[in-house]
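Visitor: I would like to go through this structure with you, one topic at a time. Could you begin with the contacts between chains?

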Amino acid sequence: MTGKRKSIWVFGDYRNYYQNRVTLQLLSKAVDLSRLLDAEVCAVVVGHDLEEWIMEYTAHGADRILAVDHPSLTSYSTEHYLILMEKLVRERDPDILLIGATDFGREFAPRLAKRLHTGLSADCVGLDLTPDGLLVQIAPSFGGNMLAEIVTEKHRPQMATVRPGTFREIPHNNERTAVVERLPLPAQLPPARVRQIQYERAVQREHTIENANVIVCGGRGLGNKNNFRKLDDLAKLLGGDVGATRPVVYAGWAGHDVLIGQAGKHIKPKILFSFGISGAIQHTAGLGEADFIVAVNKNPQATMMRMADVAVVADAADWLNHLVKELRRRIRE
Amino acid sequence: MQFNPCMKHKLIRSQARAFAETELAPIAAEIDRQRIFPRDVIARMRGLNYFGLQVPKEYGGAALDSISAAIVVEELSRVCAAVGLCVTVHNGVAVYPLLQFAGKSQKEKYLPPLAAGEVIGAFSLTEANAGSDAGSVETTAVKRGAEYVLNGTKIFVTNGGVCDVALIFALTSSPENKLQSSVFIVESRFPGFLRGELEDLCGMRANPVSSLFLEDCRVPAENLLGKLGDGMKIGLATLDNGRIGVAAQALGIAQGAMEAAVKYAKERQQFKKPIASQQTIQNYIADMATEILAARLLLYRACELKDAGAPFGCEASMAKLYCSSVASRVTSLAVQIHGGYGYSKEYDVERYFRDAKVTEIYEGTSEIQRVVIARAILTTPIL
Amino acid sequence: MLNIVVCIKQVPMVTELPWNEKTGTLRRDLAAGMMNPACKHAVEAALRIKADGGAKITVVTMGPPAAEEVLREALAMGADRGILVCDRLLAGSDTYATSFVLGRAIGREVPGCDLILCGAYTSDSETAQVGPQLAEELDLPAVAYAERLEISGRTLRVRRLVDKFRETLEMEFPALVTVSMEQYKPRYASFAGLNRAFAEADILSVNLKRLDITPAELAAHGSRTKVRRVFIRKTQKENVLITGAAANAAAEFLDKYQRKISAVIGKSIEAKKQT
């Protein structure tokens with residue numbers, strides 16, 4: 001072992017920064033880990049016009065920033081980012097490399113880990129250390145119903161993609177300083193084999209259900225399509241989205257785009273209303289991240305009722321009507 | 001005899017189950033309540049060979065073995081017995097006799113559209129005065145030139161409201177002027193073919209069971225199935241096969257009811273614990289599971305004999321008798337385990353309970369099955 | 001004609017997790033197997049390509065002998081050929097080892113493969129890593145989470161939605177794509193197809209020996225990660241029960257949780273105090 005200080009790297013993923021601050025969350029966890037490991041926290045950022053991110057990462061806990069800034073890196077390219085990251089990791093040999101489990105992170109990290117001949121765990125919902133200082137990567141499976149503790153014993157860096165929202169970011173601190181290394185682009189970056197033809201911000205509507213704060217979800221217990229459609233009223237009042245279970249989608253009460261569960265959308269609302277849903281695992285597998293669940297069902301023993309924070313024993317359609325009426329009254333006031 | 005399902009049978013089951021749970025489960029209660037025949041689901045089943053389960057490939061069928069065909073009916077009935085009934089009647093007693101007794105040109109004309117499900121089949125023996133006593137059919141067929149003219153009324157015709165082809169049993173005269181029964185392939189578009197109102201039945205309500213009226217119905221002579229006077233022979237052979245189908249249907253209903261009851265028993269809490277922890281409920285579940293497995297083995301045994309070309313009538317009757325009585329007992333226990341909720345239309349077991357009963361009645365009542373079985377046992381020489 | 005490989009996986013069909021509380025393990029033996037849903041979408045994507053312009057589809061799976069079932073299912077749906085990569089030494093492989101072995105199997109048994117399709121992720125381990133790592137193993141250009149594929153000549157155009165960006169990407173064959181579950185709703189296998197998948201199926205079973213992977217080589221390319229422990233997530237919920245007439249219960253519910261709801265939705269639903 002050389003006397004070199006260990007290093008924990010966080011990959012700077014800044015696309016959608018204002019909605020998704022996973023990089024800052026990872027910096028915060030890296031700071032925690034660095035205290036226990038006596039390591040340095042290093043943010044690596046690749047792209048163009050990076051000053052904003054260099055300042056952000058500094059203010060949020062990075063001790064060192066490696067920045068590769070070049071106009072040719074303006075848009076995300078898995079291939080180019082791989083070449084650059086592989087080179088940096090090989091030169092500097094970090095102990096841990098954390099990457100946000102964004103769509104890009106989950107496409108990019110596996111190739112990088114393979115290229116570096118090291119291990120990788122996916123979409124972690126927790127990180128910890130063994131007494132010997134190994135990174136314990138807590139990864140979900142079966143729709144978050146099961147968790148596995150994974151370690152990479154021999155190979156370095158220990159790599160994990162981490163689910164956004166898992167850790168809380170450190171408050172912004174303008175006083176902090178970091179060593180910023182601006183690195184040149186290697187001269188021989190080959191043309192990417194995957195060519196970008198079109199690239200545009202998606203219409204907001206397309207993704208809201210995954211990020212919605214409030215979701216009102218209905219199942220077969222609502223009885224019929226008309227009752228199901230009343231969820232729209234509640235969603236409108238609460239500024240939320242409507243979700244549906246598989247039987248409801250197949251009965252034609254709702255489109256496949258709002259299917260919640262194993263075969264559909266995985267959601268993480270702050271409040272989830274669940275009307276007339278028994279709670280088959282195909283559905284509950286998509287609810288792993290719901291903060292506060294209100295379930296309405298005639299059967300108090302239904303799985304959904306048991307996993308709820310508030311379980312309302314009532315006819316789902318009937319209660320929905322009363323809730324909408326009462327909410328309208330209150331909002332009008 | 002193989003006691004473990006082979007990979008093929010497992011896959012057939014998982015495909016049929018996925019279809020039933022995805023396409024039928026969401027509508028099963030509603031189509032029962034409203035007596036709706038689910039035409040759009042039926043349309044989706046066509047390309048998947050649900051209507052040509054055992055038809056040879058050259059006629060566009062799936063050429064399945066009999067256990068596979070039974071599994072398909074089981075899985076449909078586990079979710080929606082009325083659609084299971086449509087499929088088993090079409091395959092078991094409309095298509096099957098054509099496969100067995102039709103001439104080449106009849107097969108070429110009727111099997112491809114039947115196997116494709118473009119044409120739905122029915123089997124029409126029962127009349128007001130001819131139920132278990134199949135010999136008392138009163139519908140007549142009189143030859144007039146190149147046609148037979150049929151007159152009479154058929155009742156309780158499964159698929160009657162939607163069938164495009166029905167096999168009609170009618171009395172004909174032999175050359176010696178003796179009355180004998182014969183079977184005719186009658187298309188619904190033939191003049192004089194009329195449908196009655198749908199029957200308002202206890203169960204299987206999504207199946208369009210109806211009467212058929214034949215009023216001077218003109219049928220081309222080439223539509224005689226088999227030979228003149230083959231009615232009894234065709235009828236008995238067809239019923240043997242149909243019993244396998246009804247047994248599969250009963251078994252599927254029993255399976256669905258048991259699964260619902262087990263799920264409910266684990267969820268339902270009384271006296272601060274799941275009712276599944278009560279020994280009485282455990283006894284019910286043990287009996288259900290044991291009888292269902294026994295029924296399934298008996299049914300597959302009959303299927304195996306049929307595919308081996310051996311006589312299978314006695315075993316088919318045994319399977320039908322036992323599976324249907326298991327279905328009645330299991331669905332009744334499933335309602336019992338659900339308590340008051342089980343008696344409500346909010347839970348599926350109420351529908352299973354109503355659907356199960358008729359499996360003890362049609363395709364030969366349980367009493368008739370015992371006659372068939374006893375006759376077979378008593379006429380087999382003791383060696 | 002295009003030479004397409006679809007990598008598929010058999011996953012446990014879970015309606016209830018068959019969890020053994022005493023040993024803390026999943027009773028996988030109790031669960032029936034099924035084709036991973038996203039893999040099924042990948043098979044469907046391949047079948048649509050085949051219907052449009054012709055293709056030979058080889059489905060490949062790595063797993064225990066019983067995993068042959070998902071190959072048969074894919075053949076019943078319309079794939080042409082199946083390869084089962086099966087060896088006791090492969091049990092417990094992580095994505096690093098799996099992508100190595102799959103890469104070798106495809107290289108050896110499907111030479112001249114133009115396009116590899118994978119499901120975007122599996123419903124059991126959910127890593128979404130095998131596809132990208134297989135691309136790395138075979139040094140192929142790759143795109144994950146594809147919603148739509150279009151082929152013209154040797155060029156593959158892929159549409160996808162990632163991180164709130166709608167992208168259209170192009171690459172030349174050979175290439176790898178992981179298919180999302182947005183489009184390509186899989187067909188049911190017909191019973192005739194199922195019968196054919198048993199009567200006339202072309203299924204090849206290969207072990208490590210056939211792939212010339214020595215134990216030493218497997219060790220060198222073996223799993224990088226180790227699972228220390230698996231456990232069920234326990235949620236600590238208050239589980240408040242509200243009963244009673246719906247009209248009163250709705251008001252009671254809102255009274256109790258109005259602060260919380262108001263904070264989340266950003267507007268007040270708090271009842272005015274009666275004066």
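Guide: Two residues are taken to be in contact if their C-beta atoms, placed from the backbone, lie within 7 Å. By that criterion, 71 residues of chain C are in contact with 74 residues of chain A. This is a predicted model, in which local features need pLDDT of at least 70 and side-chain atom pairs count only at pLDDT 80 or more, while totals for chains, interfaces and linings use all residues. Residues are numbered from 1 along each chain as its sequence is written, and chains are lettered from A and ligands numbered from 1 in the order in which they are written.

Visitor: Which element supplies the largest share of the side of chain C that touches chain A?

Guide: Helices (H or I, at least four residues) and strands (E, at least two) are DSSP runs, numbered from the N terminus. Several of them each supply at least two residues of this side of chain C, including α3 (95-109), β9 (142-152), β14 (226-232) and α7 (246-265). The largest share, 12 residues, comes from α7(C).

Visitor: How many residues of the side of chain C that touches chain A are nonpolar?

Guide: Ala, Val, Leu, Ile, Met, Phe, Trp, Tyr, Cys and Pro count as nonpolar, Asp, Glu, Lys and Arg as charged, and the others, Gly among them, as polar. With that division, the side of chain C that touches chain A has 20 charged and 13 polar residues, and its nonpolar residues number 38.

Visitor: Which residue of chain C does E149(A) stand opposite?

Guide: Two strands pair if DSSP finds at least two bridges between them, and strand β8 (residues 146-151) of chain A pairs with β14(C) in the antiparallel sense over six bridges. Within β14(C), the residue that stands opposite E149(A) is R229(C).

Visitor: Which element gives the largest share of the side of chain C that touches chain B?

Guide: Here 13 residues of chain C are in contact with 17 residues of chain B. Both α2 (68-77) and α5 (191-199) of chain C supply at least two residues of that side, and the largest share, five residues, comes from α5(C).

Visitor: How far apart are the C-alpha centres of domain 1 and domain 2 of chain C?

Guide: The domain bounds come from an automatic or database domain assignment, which for chain C gives domain 1 (2-220) and domain 2 (235-275). The C-alpha centres of these two domains of chain C lie apart by 48 Å.

Visitor: In chain B, which element supplies the largest share of the side of domain 1 that touches domain 2?

Guide: Chain B is divided into domain 1 (7-119), domain 2 (122-229) and domain 3 (232-379), and the C-alpha centres of its domain 1 and domain 2 lie 23 Å apart. The contact between these two takes 22 residues from domain 1 of chain B and 18 residues from domain 2 of chain B. On the domain 1 side, the largest share, 11 residues, comes from α4(B).

Visitor: Why does K56(C) count as partly exposed?

Guide: K56(C) lies in strand β6 (residues 55-62) of chain C, and, leaving aside residues up to four places away in sequence, K56(C) touches M1(C), N3(C), I4(C) and D80(C). A residue is buried if 20 or more other C-beta atoms lie within 10 Å of its own, exposed if 12 or fewer, and partly exposed in between, with C-beta atoms placed from the backbone. K56(C) is therefore partly exposed, because the number of other C-beta atoms within 10 Å is 17.

Visitor: What percentage of the residues of chain A count as buried?

Guide: Chain A has 10 helices and 16 strands, and its C-alpha atoms fill a box of roughly 70 × 45 × 40 Å, taken along the principal axes. Of the 333 residues of chain A, the share that counts as buried is 53%.
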